[in-house]
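Here is a briefing on one protein model.

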Amino acid sequence: MTARITRADLEVLDREDTLRPFRDRFALPESTIYLDGNSLGAMPKAVPARIREVVEQEWGHDLIRSWNKHGWIDLQTKIGAKIGRLIGAGEGETIVADSTSVNLFKVLSAALALNPTRRVILSERENFPTDLYVAEGVIRQLGQGHVLKVAAPEEFPEAIDDGVACVLLTHVSYRTGRMYDMAKITEAAHDKGALMIWDLAHSAGAMPVDLSGAGADFAVGCGYKFLNGGPGAPAFLMIAKRHQDRVAPALSGWFGHAAPFAFEGSFRPAEGIARAAVGTPPVLSLAALEVGVDLMLEASLDEIRTKSLRQADIFAALLDQELSGHGFHRVTPQNPSQRGSQICFAHENGWPITQCLTAHNIIGDFRAPDIVRFGFTPLYLGYAELWDAVAILRRIMDGRLWDKPEFHRRSKVT
C-alpha cells in the first residue's frame with residue numbers, strides 16, 4: 001500500500017467483511033483488541049452452555065452411562081475426523097488425544113521405527129523448543145545411537161540427506177511467522193528416503209492445509225490456538241493410512257487397545273488411527289474443543305486466509321506509516337506465501353512494550369529474546385481495530401510509556 005491509510009478506510013473494510021458475523025459468536029471484552037489468538041484463541045460463546053450440559057446432564061444426571069448414551073467413548077475419533085477436514089487429512093487419519101508434546105513423542109518414535117536403518121532426526125535450529133526437547137527425550141529413551149541435527153530455515157530442503165530417518169518441522173514458526181512450503185519439503189524428504197513430520201500448531205484453523213496432497217507421513221498440533229478449544233485443550237495427531245498398521249504405539253494405553261473393555265492381559269493395538277489413543281480422554285475439555293472446531297468448520301478457510309494476509313499487510317503498513325524510527329524491525333517474511341497468520345517485530349525493548357500494550361488492553365505477546373508478536377484471527381478481529389491498536393502503540397512509543405518499572409518486571413508467562 002502506498003496511499004496513507006485512515007481509520008475510515010478500515011471501517012469500510014469492516015462493513016464489507018463477509019466473516020464479520022462470526023465475531024458475535026465469540027466472547028470478547030468490548031474494550032480489548034485481541035492480537036494473541038495465535039497463542040490462545042478466544043472463547044466461543046457457545047462453550048459455557050455446552051460445558052454446563054456435559055456437567056449437569058451428562059455427568060451429573062446420566063453419570064457413567066454417558067460413555068455410551070452421549071458418545072463419550074467416540075469423542076476422540078469424532079473430533080479428530082472434524083479436525084482432519086481442516087488440515088487436509090484423509091478419512092480415518094486424525095485423532096484427538098493428549099498434548100502436542102506427547103503426540104510428538106508418539107509419532108517421532110513411530111517414524112524412527114519405520115526407518116530403522118537410519119539414525120538422524122533433522123529439525124530446524126529455531127524450532128519450537130518442546131519439539132527439540134521431545135526429540136532429545138526419544139533419543140535417550142531408545143538408546144540406539146540416534147542423533148538430533150538442526151539446520152537453519154534457509155538451509156531446507158538441501159539439508160536433508162541420505163542419512164536422515166525423519167524430518168521434524170513446524171509449518172509456521174512460532175517466533176517469526178515464517179512458513180515452509182509443505183509440499184516441497186515433504187517431497188524432498190521422501191526423495192532422500194526420510195519420513196516427514198509436521199507440527200501444525202500455528203497452521204490448523206489459520207489457513208488451508210493439505211496434508212494428503214503434500215504426502216505428509218505424520219502431523220501433530222494443538223487445539224487451543226486457532227481452533228479456539230480453550231487453555232490446555234487436547235491436541236491432535238495424524239498418521240497417514242499407509243503407515244497405520246505398521247505403527248506399534250510407543251505409549252500403549254488401554255484406549256489404544258483393540259478391545260479396551262475386554263481387559264486382556266497384554267496389549268493388542270486397535271485398527272487404524274485408534275491405536276494412537278492412550279488413556280481415558282478428558283471429556284470436559286473435548287466438549288469445549290468440539291465447539292471451537294465446529295465453529296471453524298462453518299467458515300471458509302480460503303476466506304480466513306485471505307483476510308488474515310490482508311490484515312497483516314495493513315498492520316505492517318500502519319506501523320511503517322505511524323511508527324517509523326521507533327526501532328521496530330520486521331522479522332516476518334514479506335511474501336504472503338512464506339508467512340502464517342502473525343506479524344513479528346524485533347525490538348530491543350520488546351518485553352516492556354508488550355506489557356504496556358497489555359495494560360492498554362491491546363493484547364499481543366512476546367517471545368525471547370526480543371520478538372513482539374501480533375496474531376491475526378479473522379473470525380473475530382476487525383480491520384478498524386488494527387488502526388486503534390497502532391494508534392495506542394504510537395502513543396506508548398512517543399511518550400515512552402513503556403519505560404516504567406512495572407512493565408520491565410518479568411512474569412512467568414510471556
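Asn361 sits in the loop between helix 12 (350-359) and strand 13 (362-363). Helices (H or I, at least four residues) and strands (E, at least two) are DSSP runs, numbered from the N terminus. This is a predicted model: local features need pLDDT of at least 70, side-chain atom pairs count only at pLDDT 80 or more, and totals for chains, interfaces and linings use all residues. Residues are numbered from 1 along each chain as its sequence is written, and side-chain values use heavy atoms, with hydrogens and water left out.

**Backbone: positive phi**

- Most residues other than glycine have a negative phi, and most peptide bonds are trans.
- Asn361 has a positive phi of about 65 degrees, although it is not a glycine.
- Asn361 is partly exposed, at 31% relative accessible area. Buried means under 20% relative accessible area, exposed over 50%, and partly exposed in between (1.4 Å probe, protein chains only).
- Leu63 is not a glycine either, yet its phi is positive, at about 55 degrees.
- The loop that holds Leu63 runs between helix 2 (47-59) and helix 3 (66-69).
- Leu63 is partly exposed, with a relative accessible area of 47%.

**Backbone: cis peptide bonds**

- Phe156 and Pro157 are joined by a cis peptide bond, with omega about 5 degrees.
- Pro157 belongs to the loop between strand 6 and strand 7.
- Glu155 is in the loop between strand 6 (147-151) and strand 7 (164-170). Its relative accessibility is 38%, which counts as partly exposed.
- Pro369 lies in the loop between strand 14 (365-367) and strand 15 (371-375).

- Thr32 is placed in the loop between strand 1 (26-27) and strand 2 (33-34).
- Thr32 is buried, at 12% relative accessible area.
- Neighbours within four places in sequence aside, Thr32 is in contact with Asn361, Ile363 and Glu385. Contact means heavy atoms within 4.5 Å.
- Thr32 and Ile362 are 330 residues apart along the chain, and their C-alpha atoms are separated by 6.1 Å.

**Phe376**

- Phe376 is in the loop between strand 15 and helix 13 (384-398).
- With 0% relative accessibility, Phe376 counts as buried.
- Beyond its neighbours within four places in sequence, Phe376 is in contact with Leu35, Phe226, Ser308, Gln311, Ala312, Phe315, Ser341, Gln342, Ile343, Leu381 and Leu386.
- The C-alpha atoms of Phe376 and Val102 are separated by 27 Å, and the two residues are 274 apart along the chain.

- Gln76 is part of helix 4 (residues 75-87). It is buried, with 7% relative accessible area.
- A polar atom of the Gln76 side chain lies 3.0 Å from the backbone oxygen of Val96. A polar contact is a pair of N or O atoms within 3.5 Å; within protein, one must be able to donate a hydrogen and the other to accept it, and residues adjacent in sequence count only if both atoms are side-chain atoms.
- Not counting residues up to four places away in sequence, Gln76 touches Ile95, Val96, Ala97, Phe255, Ala277, Pro281 and Leu286.
- Ser203 is found in the loop between strand 8 (195-199) and helix 8 (211-214).
- Ser203 is buried too, at 0% relative accessible area.
- Residues up to four places away in sequence aside, Ser203 touches His171, Val172 and Val209.

**The whole chain**

- The protein has 14 helices and 15 strands.
- Its radius of gyration is 22 Å, close to the 22 Å that the globule rule gives for 414 residues, so the protein is as compact as a globular protein of that length. That radius is taken over C-alpha atoms, and the rule is 2.2 Å times the number of residues to the power 0.38.
- Along the principal axes, the C-alpha atoms fill a box of roughly 70 × 55 × 40 Å.
- Of the 414 residues, 56% count as buried.
- Among contacts between residues at least 6 apart in sequence, 74% join residues at least 24 apart.
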